[in-house]
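Here are a few notes from going through the model with the viewer open. Have a look yourself before reading on.

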Amino acid sequence: MRISKVILVACGLLVGLYLLVILTLSQSLHAFNRDNSNVNLQQLDQRDVVQLDNHWANWLLHYDIVEDEQNTYAVLSKAGFQLNAVSLNHILSNVMLFSNLPLLLLGGFAIGMPFYITRRQKKNLDASLEVVNNETNKLLAAFNITPPNVEQQNTVSKLSLALIELNKQINDQQHKNFISQHQDKLTGLIDRHAYLHHLQSQLEQAQALKKRQALLFIDLDGFKQVNDSFGHSFGDEVLIQVAQRLTTVVRNRKLSHLAASLGLELNLSRLGGDEFSIFIENLNDDNLAIEVAQNVLQEIEGDFVLGNKLIKIGASIGIAVYPDSAANPNTLLQMADVAMYRAKTDGRGIYRVYSPEMGNKMRRYHYLLEEMRLAMTSNSFSLSFQPIVNVNDFSIDYFECLVRWHHPIEGSIPPAEFIPIAEDSNLILELGNWILLEACRQMAAWYNAGMNKVRISVNISGVQLSHIPLYDWVMDTINKVGLPPKALLLEITETCFIEASEKVIADLEKLRESGVLIAIDDFGTGFSSLSTLANLPVDVIKIDKLFIDQANINPKYEKILNSISGLGKTLDLKIVAEGVETAPQFELVKKLGIDCIQGYLISRPETSKDVGSKMISQNINYIAMTGTGVYAPQADKAPAPVVQIKAG
């Protein structure tokens with residue numbers, strides 16, 4: 001390409017020069033001939049000269065060219081044998097150069113200067129393009145791009161192909177970044193922000209078209225136990241499989257709404273953690289949301305196979321309907337969340353549809369949560385102590401420590417109301433630290449006063465088991481207050497035992513080896529098998545109050561109590577009956593061979609001051625001899641047998 005341009009320019013210069021010479025010579029000779037000038041004009045005899053037909057001047061002039069022995073001439077005119085001629089040397093040296101010199105210079109400049117400018121511009125352009133091309137190559141290398149190889153490429157074509165590839169790469173990266181900003185990286189579902197944005201547009205359309213819509217808030221049951229037992233990698237795999245199953249539900253129920261440009265499902269989202277949500281755009285039938293919820297429950301309750309392990313979880317679902325429950329995305333999601341919490345409260349593995357009454361309960365929940373945080377900083381909590389006594393002589397086996405909350409406005413708030421909130425919000429961790437420390441401190445005081453055969457019992461929640469290194473926590477606390485391990489008993493509900501990790505079981509074993517006793521609380525409500533019970537690190541079984549209440553009414557409950565008592569003797573476990581409030585209940589549990597009782601028949605929970613006044617002040621001698629005290633039944637409820645007090 002470059003060679004052809006050079007040839008073209010050269011040819012142009014030659015043609016221009018040729019025309020210039022012809023013009024100059026022709027004009028000069030024509031002037032000689034026209035003006036009959038005799039300057040350097042010579043008379044020649046035709047017979048003395050030779051005509052030249054192939055001379056170079058023939059290419060430039062329209063005159064005959066002749067030659068004698070000395071010079072070459074251009075014939076201007078002819079008369080017979082007489083020739084009027086002028087020497088070619090004279091024409092070239094005098095006539096042409098002096099008569100048309102400005103024209104010659106101007107022509108040369110006019111022809112040469114554009115060529116020079118063009119060459120300089122092309123050189124500068126090539127240099128600039130080379131710089132741009134080098135920078136472009138650096139960008140290509142940074143993005144690891146190899147442009148297509150085309151034959152006979154020049155700098156411009158290479159640069160053009162490189163820019164095309166870079167533009168593709170940038171568009172792809174922008175697309176990926178946009179998806180990344182709106183997609184949950186683990187499950188591939190859209191995240192909470194993108195989901196709320198989609199809900200906003202859908203609710204606006206629903207308002208204009210007077211449509212009803214619904215939202216499902218899905219929270220997994222038992223997912224924390226999977227993480228604690230098998231590790232977060234197993235938990236992540238469960239979340240991925242849950243997302244796949246929910247995607248199947250959305251597709252099969254024809255609820256899908258795909259974003260064409262992104263390829264993402266907009267009606268299904270992972271909100272965070274183990275929370276998911278499904279949006280129903282057209283709620284033509286109120287039962288549709290319920291049917292979808294039932295499908296979801298059925299899908300999630302199926303077995304999850306992870307490697308060689310089989311894992312079972314469940315889900316609790318809350319349903320909120322637009323416009324009945326709320327009119328904007330955040331509120332609609334919040335109301336579905338409220339309904340989901342009701343489903344968990346009502347037993348888990350079920351769904352609930354939002355109602356205004358649930359909203360009142362949620363407001364109460366958040367109110368008490370904030371008040372509990374204030375109560376922790378203002379020391380508004382206190383401890384009460386309820387004795388557990390032997391059925392034969394009413395000697396104190398241990399005191400159960402119970403937390404109490406006296407609100408400055410509402411007065412006493414029952415533990416059944418605030419403990420679940422504390423557990424759900426993890427505030428139980430801070431509260432539990434305070435309870436264990438204060439209980440051990442109080443027991444250390446009683447122990448030093450002579451009650452060295454009595455233990456203090458502290459309830460441990462499942463949240464504490466999941467978040468706290470149990471052995472280190474307990475041992476650090478009792479060492480801090482100077483309480484021996486044998487003076488402490490930990491009560492853990494049957495359900496917590498079933499869900500406990502191997503680490504928790506190992507910590508319980510270490511505590512037992514140190515002298516701390518372990519009790520199963522609320523036994524009979526957690527559906528644990530006898531084989532599981534035989535392998536648990538426990539020393540005490542506390543029978544739930546339900547069995548005591550029903551034993552004198554329903555013979556089957558009495559048989560169950562009898563079986564539990566026999567089981568305790570077989571496994572060398574101490575059996576405690578909770579909720580003994582009447583003399584007939586006392587007589588029954590004693591007849592069945594149950595070791596200890598706890599309940600209003602003996603005493604309500606009392607403050608440490610009342611316990612100290614009743615026990616140490618009035619029974620100092622007995623405590624000194626036995627290391628324990630006696631709590632006799634209340635006079636109006638006392639059983640018939642006379643209490644036998646044994647010393648030593």
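Which residue in β14 does G318 stand opposite?

1. G318 faces R352 in β14. Keep in mind throughout that this is a predicted model. The strands around that pair are β13, which covers residues 314-322, and β14; they run parallel and are joined by three bridges.

2. Zooming out, β13 and β14 belong to an open sheet of five strands, ordered β9-β10-β6-β13-β14, with mixed pairing. The edges are taken by β9 (268-272) and β14 (351-353); each has a single partner strand, so one side of each has no neighbour in the sheet. From one strand to the next, the twist averages 20 degrees.

3. Now for the helix on this sheet. Helix α9, residues 329-345, lies across β6 (213-221), β9, β10 (275-280), β13 and β14. Relative to β13, α9 runs at about 140 degrees.

4. A separate spot to check is S457, which sits in strand β18 (residues 455-460). Is S457 buried or exposed? Its relative accessible area is 0%, and buried means under 20%, so S457 counts as buried.

5. What does the side chain of S457 make a polar contact with? The partner is the side chain of E491, at 2.6 Å. Setting aside neighbours within four places in sequence, S457 is in contact with Y398, F399, E400 and C401, and also with L489 and E491.

How values were computed:
Residues are numbered from 1 along each chain as its sequence is written. This is a predicted model: local features need pLDDT of at least 70, side-chain atom pairs count only at pLDDT 80 or more; totals for chains, interfaces and linings use all residues. Side-chain values use heavy atoms; hydrogens and water are left out. Two strands pair if DSSP finds at least two bridges between them. Helices (H or I, at least four residues) and strands (E, at least two) are DSSP runs, numbered from the N terminus. Axes are lines fitted to C-alpha atoms, for helices over the stretch in contact, and angles run from 0 to 180 degrees between N-to-C directions. Contact means heavy atoms within 4.5 Å. Buried means under 20% relative accessible area, exposed over 50%, partly exposed in between (1.4 Å probe, protein chains only). A polar contact is a pair of N or O atoms within 3.5 Å; within protein, one must be able to donate a hydrogen and the other to accept it, and residues adjacent in sequence count only if both atoms are side-chain atoms.
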